[in-house]
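Hello,

My notes on what was found in it follow.

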Amino acid sequence: MDRVKFNDALEMSRLVYGMWRLGDDADTSVDHIRNKISACLDQGITTMDQADIYGGYEAEEILGTALTPELRNQIEIVTKCDIVAPAGRYADAKVKHYDTSRAHILSSVDHSLRLMKIDHIDLLLIHRPDPLMDHHETGAALDEVVASGKVRAVGVSNFRPWDWELLQSGMKTQLVTNQIEISLLHHTPFTNGDIAFHQKNGQPPMAWSPLGGGALFDTKLSGLHGALQNIATEHDVEIAAVAIAWLLAHPARILPVLGTNNLDRIARIGDAAMIQIDRETWFDLYTHALGHEVA
């Protein structure tokens, strides 16, 4: 499994296991969670993607119950903060909103450390752009959690280039990544400047929902589904692996985040890393995704 170096303090596996559905599984036992992590580690997938809000603010604690010091030392943990929804510890919130204040960021970090029973977060992301963000306050808070050793590196999620630049202007620490929606069914980041911005600045983006929320498996997408299936059959893999390989082929060094509770599917996440997508194949899939040939 390839690895991506973000800075001197952080290196992650090219494929990332997403834990947003961890609490949705019928089995959230310690053994089952450990089996999921082990299935990832067997493929060289060492990075686990969390967020405070996942599972109604319960997914981090579910992960924490399964972590041992030995297991913790084999993985990198990504988590996120700033979404406040009327659930869990924020059940009294009047309305779903974003909070990028210093107090909220510091409190969220401490909650995440306690719930996951860890002494540091490898990568902390601001989950959503906050229209009320004071970039000086937010930036200083992110600098503070890094300086304290509680967080190794910081980044953002769902930010546009101008959101990134605003926050970065209020920070000493360098933001290292932006986790955005990228897939064959959500390919606008390739043309709207999002990926170009980060590629230019050497910041590998992370891709959430890289399978289009499962929509790529819909046979009604006859052209795209058929093109994916042909490649999958050739390589003896599932079409999911082909769709992920399509992202891996891009020079921006995209890190797809894949979430499933099925152990067999987890065990096949690494198949994507074994498929080489050449330029014409990449554009063939892109053409099917667009619904027309490129200009």
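**The chain as a whole**

In the protein chain, 75% of the contacts with a separation of 6 or more are accounted for by residues 24 or more positions apart; contact means heavy atoms within 4.5 Å. This is a predicted model, in which local features need pLDDT of at least 70, side-chain atom pairs count only at pLDDT 80 or more, and totals for chains, interfaces and linings use all residues. Residues are numbered from 1 along each chain as its sequence is written, and side-chain values use heavy atoms, with hydrogens and water left out.

The secondary structure of the protein chain consists of 12 helices and 12 strands. Helices (H or I, at least four residues) and strands (E, at least two) are DSSP runs, numbered from the N terminus. The C-alpha trace spans about 50 × 45 × 40 Å along its principal axes. A compact globule of 295 residues would have a radius of gyration near 19 Å, and the protein chain agrees, with 19 Å. That radius is taken over C-alpha atoms, and the globule rule is 2.2 Å times the number of residues to the power 0.38. Of the 295 residues, 54% are buried (under 20% relative accessible area, with exposed over 50% and partly exposed in between; 1.4 Å probe, protein chains only).

**Helix H9 and its two partners**

Two packed helices are described by the angle between their axes and the distance between the axes. Here axes are lines fitted to C-alpha atoms, for helices over the stretch in contact, and angles run from 0 to 180 degrees between N-to-C directions.

Helix H9 (residues 222-235) packs with helix H12 (residues 279-290) at an angle of about 155°, the axes being 8 Å apart. On the H9 side the contact is made by Gly223, Leu224, Ala227, Leu228 and Ile231, and on the H12 side by Thr281, Asp284, Leu285, His288 and Ala289. These residues divide into six nonpolar, three polar and one charged. Ala, Val, Leu, Ile, Met, Phe, Trp, Tyr, Cys and Pro count as nonpolar, Asp, Glu, Lys and Arg as charged, and the others, Gly among them, as polar.

With helix H10 (residues 239-248), H9 packs at an angle of about 100°, with axes 8 Å apart. H9 and H10 are therefore roughly perpendicular to each other. H9 contributes His225, Leu228, Gln229, Ile231 and Ala232 to this contact, and H10 contributes Ile239, Val242 and Ala243. The residues divide into six nonpolar, two polar and no charged.

H10 is largely enclosed by the rest of the structure, because 10 of its 10 residues are buried. Its buried residues pack against strand S11 (206-208), H9, strand S12 (255-258) and H12.

**Two single residues**

Gly155 lies in strand S9 (residues 151-157). Gly155 counts as buried because its relative accessibility is 0%. Leaving aside residues up to four places away in sequence, Gly155 touches Leu123, Leu124, Leu125, Ile126, Leu175, Val176 and Thr177. Between Gly155 and Leu221 there are 34 Å in space, C-alpha to C-alpha, and they are 66 residues apart in sequence.

Thr138 lies in helix H6 (residues 135-147). Thr138 is buried, with a relative accessible area of 0%. With the same exclusion of residues up to four places away in sequence, Thr138 touches Thr100, Ile105, Met133 and Leu167.

Regards

Note on methods:
Angles under 35 degrees count as roughly parallel, over 145 as roughly antiparallel, 65 to 115 as roughly perpendicular and the rest as oblique.
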